[in-house]
Amino acid sequence: MKIADMNWFQVETYLKSDDRVILPLGSTEQHAYLSLCTDFILSNKLAEETGEGCGVPVYPGLPYGIAPYFSAYPGTVTIRPETYGDFVTDILASLVKSGFKRVLIINGHGGNCPVEEIIRPWLGKVPECRVLFHNWWSSKAVMEAVHKVSPNASHASWMENFPWTRLAEVPLPPEEKAPCDPDNLKQLPPEKVRSILGDGNYGGAYQAGDDAMLTIWRTAVAETTHLLDTGWTN
Ligand SMILES: [Zn+2]
């Protein structure tokens, strides 16, 4: 149930029988040959499919995130962590004010991970609220499914190349790129990151078969659905 397809009467009615809601976080940043919006497309789609299956409302995903290290790549947008944390906190406060008490954040971008800690001071003031922060791409089941295809999989490689993130008519390099060490990149300014990373792939082949990708996707939807149903702590 997308919030875009609901009116406030319907939200009020929903809240009489359930208090769960989904908020996807994305990013618009270089993804080598894939869409700049890959992290937004994936977290938003995963949220919509999970919410549809469970009958839980899904808020529009945030298309931007925290990605300062990619700022030397044209098209990348990065939000300051404190700004982003404040923005997400205000959204959460609005959801709680509406009557939602259990918020599943489906995060699609590693740079947004600090948000889980940034919101804690606010969360401490609303003891009735639960926020479940799910980094969907690095979760146990998804990682297992990815490693069955190849352990050499990372940012902007085949593991993010789904029929809904790849661009038509864009040829992909046939070779497999050697993995890089993300921890080394963290020390470097954006221009240096770009000069080392080149096209932006952190390592891995550029495309896998669609059957493999659909298996990974179905694994992600099943795992996220399970989390939405059973992942809450009292
Ligand atoms: Zn990504």
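Is Thr224 buried or exposed? Thr224 is buried, with a relative accessible area of 0%. Buried means under 20% relative accessible area, exposed over 50%, and partly exposed in between (1.4 Å probe, protein chains only).

This is a predicted model, in which local features need pLDDT of at least 70, side-chain atom pairs count only at pLDDT 80 or more, and totals for chains, interfaces and linings use all residues. Residues are numbered from 1 along each chain as its sequence is written, and side-chain values use heavy atoms, with hydrogens and water left out.

1. **Thr224.** Thr224 sits in helix 9. Helices (H or I, at least four residues) and strands (E, at least two) are DSSP runs, numbered from the N terminus. Leaving aside residues up to four places away in sequence, Thr224 touches Leu46, Thr50, Leu104, Ile106 and His134. Contact means heavy atoms within 4.5 Å.

2. **Helix 6 against helix 9.** Helix 9 covers residues 210–230 and packs with helix 6 at an angle of about 170°, the axes being 8 Å apart. Axes are lines fitted to C-alpha atoms, for helices over the stretch in contact, and angles run from 0 to 180 degrees between N-to-C directions. The angle makes helix 6 roughly antiparallel to helix 9. Under 35 degrees counts as roughly parallel, over 145 as roughly antiparallel, 65 to 115 as roughly perpendicular, and the rest as oblique.

3. **Who makes that contact.** Helix 6 contributes Lys140, Ala141, Val142, Ala145, Val146 and Val149; helix 9 contributes Ala212, Ile216, Thr219, Ala220 and Glu223. These residues divide into eight nonpolar, one polar and two charged. Ala, Val, Leu, Ile, Met, Phe, Trp, Tyr, Cys and Pro count as nonpolar, Asp, Glu, Lys and Arg as charged, and the others, Gly among them, as polar.

4. Asp39, in helix 2 (residues 38–54), and Glu160, in the loop between helix 6 (140–149) and helix 7 (182–185), are 121 residues apart. Asp39 is buried at 3% relative accessibility. Glu160 is buried too, at 10%.

5. Ala32 is not a glycine, yet has a positive phi of about 50°. Ala32 is partly exposed at 23%. Glu169 likewise has a positive phi, about 65°. Glu169 is exposed at 80%.
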